[in-house]
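Here is a short report for a reader who is new to this structure.

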Amino acid sequence: MPLLEVNNLEVCFGLRSGAVKALRDVSFTLQRGERLGVVGESGAGKSVLGFSIINLLSRPGHISSGSVHFEGKDLASLAPEELRSIRGNRISMIFQDPMMTLNPVLTIGVQMVECLLAHRRISKADAKRIALKKLQQVQIPSPEKRLDQYPHELSGGMRQRIVIAIGLLLDPDIIIADEPTTALDVTIQAEIMDLMLNLCEQNNVALILITHDLGVVSQVTQRMLVMYAGRIIEQGPTKEIINDAQHPYTQGLMNALPQMALPGQKLNQIKGTMPPLQRIPKGCSFNPRCEYVMDICKQTLPSFTQSGNCQVACHMVAEPMQDKMLIKEV
Amino acid sequence: MSESTFKTEQPPTALQRFKASHFWHSFKIDRVAQLSFLIFLAYVVLAIFASLIAPFDPYDASQIDIMNSEIPPSWQAEGEADFLLGTDAQGRDMLSTILYGTRVSLLIGLCAVALQALLGIVIGLTAGYIGGRVDSFLMRIADIQLSFSTLMVAIIVLAVFQATFGTELYQQLAMIMLILVIGIAEWPQYARTIRASVLAEKKKEYVDAARVMGFGRLRIMFRHILPNTLSPILVISTVQIANAIISEASLSFLGLGMPVSQPSLGSLISSGFEYIFSGVWWITVIPGVVLIVLVLVMNLLGDWMRDVLNPKLYKG
């Protein structure tokens, strides 16, 4: 049984102008210890996916259909009490901005101890010992001192280490990291990603890494999902997708990497922008921006096709007689 | 962070932290704040130790001699050295009475504000954090409460109480009644301020993070959000204490506050009022000055605190 199984998840935001579907028909699985990357443009629904896994969408968002099974229990329909015992305890989350995720008026030690005491029946001294151990694990210089410091006394990199330490505090099974390195500068990013990779491997923690940095995804994750306008359009082993993307959107993302352009040449980009969620076009939602668009793309939604170890939702991949290389040359 | 703090092994103590803070620094350079704080501190010390400092006990009828009534302050020609600030119409020593009166006024001010803060914090936090219908309901109640002025509510309640239960019982319970009335009439001030800060705070990521950690609603509200809204609470508290003292003085002046046997500053001012045109000015003027200085000092402190604690006004 997979650790986490998401089936046909649909998330709706009830707005005054009508319900907007932020996630449509999202299904994937996560094995114990597996590292999964979720990539896509801003607004593709990556963060909403992260929040809906622990059923913590803030109003007006809600899970309108589908299920999120964690060890066989459906988180989408669990009682609030039980959900709370899973949040933070079994599934924890790391946010984008470490400046904001720590409470500015409580010391690091207080925040860590509180988190432990909320889920475990242990003494304060024991909680402090565990907190100290976790701070050592994230390689913070002089961890004893950090416990008595306030977040504003620490640098961004150190704060993110502390956020990671808090995420690992209760030895969760899954960590959902929502763009954990976006707010940090590049040198620190690499350190933090290395650290997370090592910690996940050592503790056999599954990681869901939400990001738009394909470089990070290719280094850290084993499998990846590509999202567009609330749907998964391609999923499979990271290596295969990075080396040989099937979906035109994924290809576009790869081509947009600065490494793909020659010096002096303009960077490649996918034309247009993602449609607003209220006005997703009929058929394949990518069709207005797709170079290879066909008539069928404007009519029917493509279903997943197996291509190698990957699943791709694209009509072109589904119809093998259409040679995409040929079309490209036209 | 400076080099030296990095090298020290010990984390800074609370006192060191306080000394390094912006709060302490701006206090050190602000003469007005220092003076106000000193005067306020003097008031508090005098009020607490009133029974030790005062030469007479104004509550003890055996120490009062009607023959000593209306003696002017000692520096005046007819003054007596025993009564530094003169005596009132019943022969009570003004200095002692003012000291005890200050105690009564401060006590009522502090307790009434504590009650306001308690009600306001609980209601404001709940309204702000839960939102939706609960929010609308609580805030409409606050609006209704605010549409009656404090004095009007107090006059009605206290007058009805006096009429129903008689003056005797009222005099015994005067202090508690004043605290209750002023406390309940002013809670929306707190509730509104706190609700506004909670609305801003609850959108911050640390609240999401706390929810992700599986904390319950009450814990998030009181442990995580409340401490982050403390600075506006501190600021309005100073102003509200001054307001509560004024309210109490006004009510006492109108004869609905503290009884003459246990006078507050307001009832002292009131009791001297009828003699003021016959030249006996000290019964009204001296407690009046004491009250004005107290309220002024508190307002100055409140202003200073608002400037310090408002990050938008940071100058460096």
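## H7 and H8 of chain A

Helix H7 (residues 156-168) of chain A and helix H8 (residues 186-203) of chain A have axes that come within 11 Å and cross at roughly 15°. Axes are lines fitted to C-alpha atoms, for helices over the stretch in contact, and angles run from 0 to 180 degrees between N-to-C directions. H7(A) and H8(A) are therefore roughly parallel to each other. Angles under 35 degrees count as roughly parallel, over 145 as roughly antiparallel, 65 to 115 as roughly perpendicular and the rest as oblique. Helices are DSSP runs (H or I, at least four residues), numbered from the N terminus.

From H7(A), the residues A:Gly157, A:Gln160, A:Ile164 and A:Leu168 take part. They meet A:Ile188, A:Ile192, A:Leu195, A:Met196, A:Leu199 and A:Asn203 in H8(A). Contact requires C-beta atoms, placed from the backbone, within 7 Å. By class, this contact of H7(A) with H8(A) has seven nonpolar, three polar and no charged residues. Ala, Val, Leu, Ile, Met, Phe, Trp, Tyr, Cys and Pro count as nonpolar, Asp, Glu, Lys and Arg as charged, and the others, Gly among them, as polar.

## About the model

This is a predicted model: local features need pLDDT of at least 70, side-chain atom pairs count only at pLDDT 80 or more, and totals for chains, interfaces and linings use all residues. Residues are numbered from 1 along each chain as its sequence is written, while chains are lettered from A and ligands numbered from 1 in the order in which they are written.

## H4 of chain A

Helix H4 (residues 108-119) of chain A has 12 residues. The buried ones are A:Ile108, A:Gln111, A:Met112, A:Val113, A:Cys115 and A:Leu116. Buried means that 20 or more other C-beta atoms lie within 10 Å of the residue's own, with C-beta atoms placed from the backbone. These buried residues of H4(A) pack against helix H5 (124-137), helix H6 (143-146) and H7 of chain A.

## Where the chains touch

The contact takes 16 residues from chain B and 25 residues from chain A. Helix H10 (residues 205-212) of chain B gives the most to the chain B side, with six residues. That side of chain B divides into eight nonpolar, four polar and four charged residues.

## H6 and H14 of chain B

Helix H6 (residues 94-130) of chain B and helix H14 (residues 282-309) of chain B pack at an angle of about 40°, with their axes 11 Å apart. H6(B) and H14(B) are therefore oblique to each other. H6(B) brings B:Met94, B:Ile98, B:Gly101 and B:Thr102 to the contact. H14(B) brings B:Trp282, B:Ile283, B:Ile286, B:Pro287 and B:Val290.

Notes:
Helix = DSSP H or I, 4+ residues; strand = E, 2+ residues; numbered from the N terminus. Contact = placed C-beta atoms within 7 Å. Expected span 1.5 Å × (residues − 1). Buried ≥ 20, exposed ≤ 12 C-beta atoms within 10 Å, placed from the backbone.
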